Amino acid sequence: MKINFELKHNIKYKIQGYNFEKLLNNLIKNKIKLKKIKKIDDNIVEFYSNKKNDKIIKNNLNKLNIKIIAQKDFGILFFLRSIFFRFGLVSAGIISIVFILLSQMFVFKIEVYGNEKITKQEVISCLNELGVNPFTLKNSINTFELEKSIIEKIPSISLVSVMTKGTSLIVNLQEKVINDEYQNVGSFEPLKAVSAGRIKSVKLIQGTLNVSVGDLVKENDILVYPYIIDSSGNKKSVKAEAEIVAEIWFESRVTHYDECIKTYETGVTVEKNNLYFLDLPIYIDKREINLNQYETKVSYSYLSSFLIPIKLEKVVYIETISKKENVPFEEVKETLIEQARKEAYQKSENKSVIDEYHTIISNVGINTISYVVVVEDSIINLQ
Amino acid sequence: MFNLFSELKKEFNLPYVTEYNLVNITGKALYVEGHRGIMTLSKELISFRVKNGVVVVEGKSLCLKILSESTLCIEGKIKKTEVF
């Protein structure tokens with residue numbers, strides 16, 4: 001009996017209040033067995049009961065406004081349970097430490113720094129080829145050998161340092177810097193003229209000149225070759241660079257005919273509507289057009305959504321008439337010169353104009369005005 | 001809990017009674033069967049209802065060793081037990 005009692009999880013309650021007799025009677029009416037009921041003081045009583053009765057006891061205490069001033073758990077089951085929880089915590093702690101220690105032995109992450117042209121994936125795949133990947137034992141990594149191997153495998157790396165920190169393998173690298181002059185050795189392009197003109201000044205930076213001041217050049221003529229000849233007479237490939245300024249001509253032509261036929265709209269229009277489904281005609285307006293001379297304007301619009309594409313084609317026939325006109329060149333000469341001038345200026349893109357002139361060529365009623373604007377600008381496409 | 005009186009009744013074929021039974025064991029413990037609730041609880045006096053009366057136990061350092069729906073056991077130095 002005693003052993004059974006001690007085995008169970010019991011709670012010792014120390015309560016404070018009044019009317020304990022009523023409390024005890026209420027509890028035993030609820031079939032609760034109480035043990036070691038002792039009155040400590042006038043208003044303090046202590047007793048033991050099984051853990052399973054805890055809720056009912058507390059409810060009754062609340063009803064009678066009796067406070068619990070102390071509560072303590074007893075019994076072998078309680079002891080075992082507390083030990084189990086404590087053991088669980090301790091074992092969880094031990095397992096965590098073991099896990100952390102084990103995880104510290106491996107590389108989980110590869111970090112690459114200092115790469116610009118070389119991709120991180122390139123470095124990681126190189127490391128993989130060298131037998132280093134996530135879950136590799138840290139002890140098996142020889143960083144010195146790894147550095148040497150990386151430089152051998154990736155020639156564009158000039159300097160590399162490999163170190164392990166925590167569970168990461170950190171690769172710090174420096175890429176080789178190649179000068180522009182040596183980047184495309186043998187594949188340099190010559191400098192060419194972007195437009196026709198006369199060379200005004202030449203300032204060679206690098207390469208071999210093909211033109212001199214006063215030369216007339218056409219568009220795409222070679223100005224500077226991409227090589228130099230050294231003191232021993234050998235050709236050496238270099239990037240052609242120069243500042244070449246030239247007089248550039250921008251020309252605009254306007255042609256006038258003394259006699260010409262002009263077409264005018266009379267204002268009479270006929271409209272036809274055709275319907276298409278998926279570009280297949282479903283309705284065609286077959287009315288005849290009774291106009292002697294006309295121009296057409298066609299427009300399309302969709303009548304429904306794109307799911308059922310019904311297309312409406314609207315054709316407008318505009319009646320026209322042609323008239324023969326005779327306009328003497330002298331009457332419109334100034335207007336045409338001005339028109340040619342404007343066009344030439346537009347072509348010169350408002351660069352600094354140093355000269356401008358025009359010539360008129362007349363031939364059997366056909367007059368051509370050629371307006372030239374001269375500007376001074378770089379003849380090389382600097383892009 | 002071991003029920004002394006039930007065991008005795010079984011052993012000696014005694015008739016079943018609905019009243020209370022109590023036994024004083026050398027003045028150190030009082031075992032009661034058939035109580036109807038505690039009336040007073042203190043170190044010197046414990047009283048409880050029984051059928052048709054009240055039992056008053058006086059003594060020193062009294063405590064209720066066991067209290068259940070029908071039985072109780074008082075422990076301590078029991079001086080006097082009176083039934084009213």
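Q: Two residues are in contact if their C-beta atoms, placed from the backbone, lie within 7 Å. How many residues does the contact take from chain B and from chain A?
A: This is a predicted model. Both chains contribute to the contact. The counts are 15 residues from chain B and 14 residues from chain A.

Q: Which strand of chain B gives the most to the side that touches chain A?
A: Strand 3 (38–41) and strand 5 (53–67) of chain B each supply at least two residues of that side. One of them gives the most, with five residues. That is strand 5 of chain B.

Q: How do the residues on the side of chain B that touches chain A divide into nonpolar, polar and charged?
A: The side of chain B in this contact has 15 residues. They fall into three classes. The division is eight nonpolar, four polar and three charged.

Q: What is the bridge partner of A:Lys35 in strand 5 of chain B?
A: Strand 2 of chain A pairs with strand 5 of chain B. The pairing is antiparallel, over three bridges. For A:Lys35, the partner is B:Ile66.

Q: What pattern does chain B follow along the sequence?
A: Chain B has one helix and six strands. Reading along the sequence gives their order. The pattern is α-β-β-β-β-β-β.

Q: What is the average pLDDT of chain B?
A: In chain B, 94% of the residues score at least 70. For the model, ipTM is 0.82 and pTM is 0.37. The average pLDDT of chain B is 85.

Q: What share of the 84 residues in chain B is buried?
A: A residue counts as buried if 20 or more other C-beta atoms lie within 10 Å of its own. Applied to the 84 residues of chain B, this gives 25%.

Q: Which residues touch the most other members of the largest nonpolar core?
A: In soluble globular proteins, nonpolar side chains tend to be buried together. The largest nonpolar core here has 30 residues, and both chain A and chain B supply members. Those touching the most others are A:Leu24, A:Ile37, B:Ile46, B:Val57, B:Leu67 and B:Ile74.

Q: Which residues does B:Ile74 touch, not counting those up to four places away in sequence?
A: B:Ile74 is one of the core residues that touch the most other members. Two of its contacts, B:Ile46 and B:Val57, are also in that group. The list is B:Ala29, B:Leu30, B:Ile46, B:Val57, B:Leu62, B:Leu64 and B:Lys65.

Q: Which residues of strand 3 of chain A lie on its covered face?
A: Strand 3 spans residues 44–50 of chain A. Its uncovered face holds A:Ile44, A:Glu46, A:Tyr48 and A:Asn50. The covered face holds A:Val45, A:Phe47 and A:Ser49.

Q: Which residue stands opposite A:Phe47 in strand 3 of chain A?
A: Strand 1 (residues 10–16) and strand 3 of chain A pair in the antiparallel sense. Seven bridges join them. Opposite A:Phe47 stands A:Tyr13.

Q: Which residue of strand 3 of chain A has A:Lys38 opposite?
A: Strand 2 (residues 34–41) and strand 3 of chain A run antiparallel, with four bridges. A hairpin of two residues joins these strands of chain A. The residue opposite A:Lys38 is A:Glu46.

Q: What is the bridge partner of A:Thr164 in strand 9 of chain A?
A: Strand 8 and strand 9 (residues 168–175) of chain A pair over eight bridges. Their sense is antiparallel. The partner of A:Thr164 is A:Leu169.

Q: Which residue takes a positive phi in the hairpin of strand 22 and strand 23 of chain A?
A: Ten bridges join strand 22 (residues 353–363) to strand 23 of chain A, and the two run antiparallel. A:Asn363 has A:Ile366 as its bridge partner. Two residues lie between the strands, and the one with phi near 45° is A:Val364.

Notes: Residues numbered from 1 in each chain as written. Chains lettered and ligands numbered in written order. Predicted model: local features only at pLDDT ≥ 70, side-chain atom pairs only at ≥ 80, totals over all residues. Buried ≥ 20, exposed ≤ 12 C-beta atoms within 10 Å, placed from the backbone. Pairing = 2+ DSSP bridges. Nonpolar A, V, L, I, M, F, W, Y, C, P; charged D, E, K, R; others polar. pLDDT = per-residue confidence, 0-100. Core = buried A, V, L, I, M, F, W, Y, C linked by C-beta atoms within 7 Å.
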